[in-house]
Amino acid sequence: MNLHMLVFTRLETQSATTKVAHDLLTAAAVAEGHELTIISDFDCQMHFGNETSVFIRNTPAKDINVLFVRANLSGAKLQFRRTLIKQFELMGIPVVNREEAVMNAKNKLRNLQVLTEHNIPIPKTYVVSHAGYLDDALKDIGRFPIILKTPSGSQGKGVAIIESKRGLKSVIEMFDNGEPIVLQQYVKESSGKDIRVFVVGDRVIGAMKRETTRRGEFRSNFHLGGKVSVADLTKGPKGEKQLALNATRACGLDIAGVDILRTQDGPKVIEVNANPGLEGITQATGKNIAGEIIRFMVSKVPA
Ligand SMILES: Nc1ncnc2c1ncn2[C@@H]1O[C@H](COP(=O)(O)OP(=O)(O)O)[C@@H](O)[C@H]1O
Ligand SMILES: [Mg+2]
């Protein structure tokens, strides 16, 4: 079978992390007796006409049985990229992580909105655009430090800890352009550690603990040097597995990485990633995560 993967990086300049993921998926496809073709959005042209189509390097896209979208969408070219994903859907191709679901996860504001809409517990969160409107949010969130996030950061970049109101005001004013920011209650008891749950289809296929190895660091992201180890969810707080599945479903995602903080008030979701990394989870669990993804893709191909 000819499996395809749409990526939003140029293949010539992909990062080491991206390459690891691509290599794992390519090898898994081959092991399952399939071929995985990687398409970069850079090489795609869309044709709007009687017949919806996409051209790849000037050749009409055909024989795509299923498309896996690695949606590391940043703000750049957002409208083009989401339209492109949708275009593949309109061609009748099964798309794994559909456009709407990707959009529910891409941006932290929308993501948190969807989660609360579906009664998924999250830490207290406010979105503000102006330093003049901070007081009520701060009153409710409680004491400092608090967490500040930019709406579209990932891999821990764009997440900061702020120690005082004075610091917060100055940071907001630094953004100055009215760019909204996310203010969130700091979950002290889980500082420097969290749980990443990897969901494929309706199943949790692996989970890991992530813990920072740096002194004073509160972010546990793998790409910031977080140490990973397997997490046995049957031994953790009750309901974590279901929480991850519910969060994934709320966003409409097929494949997701759900970040959970173990708080005094039980597990809370901080975000759902539509494009979870493969390296850390594969290493931590020793499982063939890429193989699970490939088999799931194949299951989406109509008989
Ligand atoms: N409210 C919070 N309290 C404590 N730590 C947090 C909080 N939010 C995020 N963190 C830490 O920061 C990391 C990155 O935050 P996250 O919201 O997942 O953004 P990113 O998309 O950059 O991964 C988390 O993995 C967690 O370790
Ligand atoms: Mg995260």
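I began with a distance: the C-alpha centres of domain 2 and domain 3 lie 23 Å apart. The model I am reading is predicted. I then looked at how the two domains touch. Domain 2 puts ten residues into the contact, and domain 3 puts in eleven residues. I asked which helix gives the most to the side of domain 2 that touches domain 3. That is helix α4, residues 108-117, with three residues. I also sorted this side of domain 2 by class: four residues are nonpolar, three polar and three charged.

Next I noted the bounds. The domain assignment gives domain 1 as 2-97, domain 2 as 105-121 + 189-296, and domain 3 as 125-186. Domain 2 is therefore written in two segments, 105-121 and 189-296.

**Entry: the chain as a whole**

I noted nine helices and 16 strands. The radius of gyration is 20 Å, close to the 19 Å that the globule rule gives for 303 residues, so the chain is as compact as a globular protein of that length. I took the span of the C-alpha trace along the principal axes: about 55 × 45 × 35 Å. Of the 303 residues, 38% count as buried.

I looked up contacts as well. I kept those with a separation of 6 or more, and residues 24 or more positions apart account for 68% of them.

**Entry: ligand 1**

I moved to ligand 1 and its shell. The shell holds 24 residues, and the closest are Ile147, Ser154, Val187, Arg219 and Ser220. Which elements give two or more residues to this shell? They are β9 (146-149), β11 (181-185), β15 (255-263) and β16 (266-273). By class I found eight nonpolar, eleven polar and five charged residues around ligand 1.

I picked out Ser154, one of the closest residues. Ser154 sits in the loop between β9 and β10 (159-162). Ser154 has 19 C-beta neighbours inside 10 Å and counts as partly exposed, because a buried residue needs 20 or more. I also checked Ser154 against Ala274. They are 120 residues apart along the chain, yet their C-alpha atoms are separated by 11 Å.

**Entry: helix α4**

I came back to α4, the helix from the domain contact. Its buried residues are Lys108, Asn111, Leu112 and Leu115. Seen down the axis of α4, they fall within an arc of 90 degrees, so they line one face of the helix.

What do the buried residues of α4 pack against? I listed α3 (99-106), β8 (125-128), β9, β11, α7 (240-251) and β16. After α4 comes Asn119, and its phi is positive, near 60 degrees.

**Entry: helix α9**

I made the same check on α9, residues 289-299. Its buried residues are Ile289, Ala290, Ile293, Ile294 and Met297. They cover an arc of only 140 degrees around the axis, which puts them on the same side of α9.

I looked up a cis peptide bond. It joins Phe144 and Pro145, with omega about -5 degrees. Pro145 is in the loop between α5 and β9.

Then I turned to positive phi values. Asp63 is not a glycine, and its phi is near 60 degrees. Asp63 lies in the loop between β5 (59-60) and β6 (66-70). Is Asp63 buried or exposed? Asp63 is exposed, with 8 other C-beta atoms within 10 Å.

Asn97 also has a positive phi, about 75 degrees, although it is not a glycine. I found Asn97 in the loop between β7 (95-96) and α3. Asn97 counts as buried, with 23 C-beta neighbours inside 10 Å.

**Entry: Asp140**

Last, I checked Asp140, which is in helix α5, residues 135-141. Asp140 is exposed, with 11 other C-beta atoms within 10 Å.

Note on methods:
Residues are numbered from 1 along each chain as its sequence is written. Chains are lettered from A and ligands numbered from 1 in the order in which they are written. This is a predicted model: local features need pLDDT of at least 70, side-chain atom pairs count only at pLDDT 80 or more; totals for chains, interfaces and linings use all residues. A residue is buried if 20 or more other C-beta atoms lie within 10 Å of its own, exposed if 12 or fewer, and partly exposed in between; C-beta atoms are placed from the backbone. Helices (H or I, at least four residues) and strands (E, at least two) are DSSP runs, numbered from the N terminus. The arc is that of the directions from the helix axis to the C-beta atoms. A residue is near a molecule or strand if its C-beta atom, placed from the backbone, lies within 6 Å of it. Ala, Val, Leu, Ile, Met, Phe, Trp, Tyr, Cys and Pro count as nonpolar, Asp, Glu, Lys and Arg as charged, and the others, Gly among them, as polar. Two residues are in contact if their C-beta atoms, placed from the backbone, lie within 7 Å. The radius of gyration is taken over C-alpha atoms; the globule rule is 2.2 Å times the number of residues to the power 0.38.
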